[in-house]
Amino acid sequence: MPGPSGTSRAPYLLVLPGWIWLAIFFVLPICGMLSVSLMTGNVIDGFGFTGAVGNYAEALGGYWEQILRSLLYGLCATVLCIAVGYPMAYWIAFRGGAHKATYLLLLLLPFFVAQVLRAISWKFILADNGVVLGPLKALGILGPDAHVLSTATAVVCGLAYNFLPFMVLPIYAVLERVDHSVVEAARDLFASRTQAFLRVVLPLSLPGVFAGVLMVFVPTSSDYVNAAVLGGTHNTMIGNVIRTQYLVNNAYPTAAAITFVLMAALLLGIFGYARALGTEQVMEVQAR
Amino acid sequence: MPPTPPTGAPLRRGLTRARPARRDVLRLAGAAAGLALAAGCGIRGQKRPEVSAAEFWDGRRRTGRLRFANWPLYMDEDRTQLAQFTDATGVRVAYDEAIQDNPSWFGRIQPILANGGDIGCDLMVVTNGLELGKLLALNYLAPLDHARLPNFAEHGADLYKDTAYDPGNTYCVPYTSGLTGIAYNPEYVDREITSLDDLWDPAFKGRVGMMRDPQEIANFGLLRTGAEPEKSGEREWQAAARALRGQREAGIVRAYYEQDYIQPLTNGDVWLTMAWSGDIFQQNATEGTDLRFVVPEEGATIWTDNMIIPFTSRSPVDAVMLMDFLYDPEVAAGLTEYINYVTPVPEAKDRILAHAEDAEGDDRAFLTELAESPLVFPTEDEYARLHGYVPLEPGEDEGFTSLFLGITQA
């Protein structure tokens, strides 16, 4: 313990590696990218900084459709993740008993398999005449031309599936810490089960939902694997566009500009969401 | 109560709670702008100086080791041809199926080659498309010493000797060629597919697969609109793009595929699709499927995968030895029997027929069919119906790819 007069340097020193890490792997590259996004040129002769704001116009004008679609898919996947993941987290936290760890492991087990492999196995399972759709068609429940693959539904479901643990785990972590006596107190004060959930448990779990939304919405909106494997003709996401701009066209400035537009859109969305939910309050609850 | 240091709580709060004041944001923005300007000098041209063959090969010796980067399914599991090569020359080969598609391979090696670094292979196989064009324009490839390629000179077909993309084989020696045509699954398609019209037939709404690669799909659009890909220009490209967009908007296309069209075609998710000849052959041979491959009457695309040596290769002598070894007709025949694509060594045909004589049952039937197949040994008439990719001048490629990516990436 340092003396009362000394301001301890230890905490600052402890965060130093973190700051250095961020500086090297986040701040520097992002400044570099910002600069690239304002360049013109080609891969053979090189790119020069010309302050080409036109790249942003091109990014917005040429790809607004894919950007909006990505945000929409990300949003749908996030909502789906909450709908599926919240009850799972709730059940494990409150009813999991001694086997909580086992249930969590079961939840994570599929994710030990590479993401691309998982997306590809979806193609087998959901094939037009595969194990799921085949019998439904044979029974006449679905028409002969019904299909799931190559549709927006397939892409959104693929996204939700792949990012489900990122929703379940933070919600679980928060629910697990909810003091059962608080719920009992609510019941003692004549709250019904529903009321106790809506007015006590749900508000207490919001920080977890908030964290889950961040961890699902951001990566799903910029994902490209699911759209490439499960999508059809009008399901391209902005991640696919960025990838081809980099790799196929070597149009680094355009790709960088699209990246920043996407980043701006995501940040705006998240700040709006945080404001609507009241981050200050969310953080306060989490800090307790 | 234990004494708490007076700075504890505020400090902790300061560390755990982000409070981005406007001042900080401005400061950060300032720093970012400064850095951006510092980095603003640009990305220098990625080109390397041109080196003549004489300069490049001066003083080069064999090392006895070779690292070969190739595509999946481009050599059998036992790597028979490489074992033969090691027996014949003593050179040990590390074989890596590292190349899945041209753009990502190019994206991976380009920054390393720009700095003159080792890309982890001494010999690689790249298709005669945009990426090969860029590798050539950037001077990333070792010019070949043809004195070291006697087999290629003797056994290579003339057609593969003086190609439009690399006149005089200065840098490239073909590994294999293949056709892009139409494959269909007769289980679902109850008529014979003969023409590109079939890919635009509303009867197959939602059941047609097209390729995502800009050059591949452009060629089919061009052939469909009656243009010749090799001689096409901006006007023809626009017409082709319109035809392809119409096909998409009519709901005929189910999806745009990379190499992943085989499974949907086998399952019946798509009924007919743009396809590579060897894929269909291999699928029929290994999975027992009955998929058909046709060269549409309007014509089809022929492409060539080339063996090339990066200029940073550690064992260029060993690499060029393997290039030449694969032009031994017996070796070429063995390779063709596995990969089922067009071989640049015409004499391989007789060797395959001889192998068929010695084989029995299914193997015999398969080898005979292979040797007689116009998809593996096209006749001159058939070659006349085959077209190369659209040749793109430097500077044209971005507009061209953007036009066709606009179709596949809507």
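The secondary structure of chain A comprises 12 helices and two strands, where helices (H or I, at least four residues) and strands (E, at least two) are DSSP runs numbered from the N terminus. This is a predicted model, in which local features need pLDDT of at least 70 and side-chain atom pairs count only at pLDDT 80 or more, while totals for chains, interfaces and linings use all residues. Residues are numbered from 1 along each chain as its sequence is written, and chains are lettered from A and ligands numbered from 1 in the order in which they are written.

**Chain A overall**
- Along the sequence, chain A follows the pattern α-β-β-α-α-α-α-α-α-α-α-α-α-α, and its C-alpha atoms fill a box of roughly 80 × 75 × 35 Å, taken along the principal axes.
- Of the 288 residues in chain A, 34% are buried, a residue being buried if 20 or more other C-beta atoms, placed from the backbone, lie within 10 Å of its own, exposed if 12 or fewer do, and partly exposed in between.
- Among contacts in chain A with a separation of 6 or more, 70% are between residues 24 or more positions apart, a contact being two C-beta atoms, placed from the backbone, that lie within 7 Å.
- An unreviewed UniProt entry lists residues 67-271 of chain A as "domain: ABC transmembrane type-1", an annotation that may be inferred rather than shown by experiment; over these residues the chain is 75% helix and 0% strand, with the end C-alpha atoms 18 Å apart.

- Three strands form an open antiparallel sheet in the order β1(A)-β2(A)-β1(B), two strands counting as paired if DSSP finds at least two bridges between them.
- The edge strands, each pairing on one side only, are β1 (39-42) of chain A and β1 (43-44) of chain B.
- Strand β2 (residues 46-49) of chain A is joined to β1(B) by two bridges, and Phe47(A) stands opposite Ile43(B).

**Helix α5 of chain B**
- Helix α5 (residues 102-114) of chain B has 13 residues and reaches 17 Å from its first C-alpha to its last, close to the 18 Å expected at 1.5 Å a residue, the expected span being 1.5 Å times one less than the number of residues.
- α5(B) bends by about 25° at Arg108(B), and Pro111(B) follows within four residues; the bend is the angle between axes fitted to the seven residues ending there and the seven starting there.
- The buried residues of α5(B) are Asn102(B), Pro103(B), Trp105(B), Phe106(B), Ile109(B) and Leu113(B), and their cover includes α10 (238-247) of chain A together with β4 (123-127) and α6 (130-137) of chain B.
- Gly116(B), whose phi is positive, near 70°, follows α5(B).
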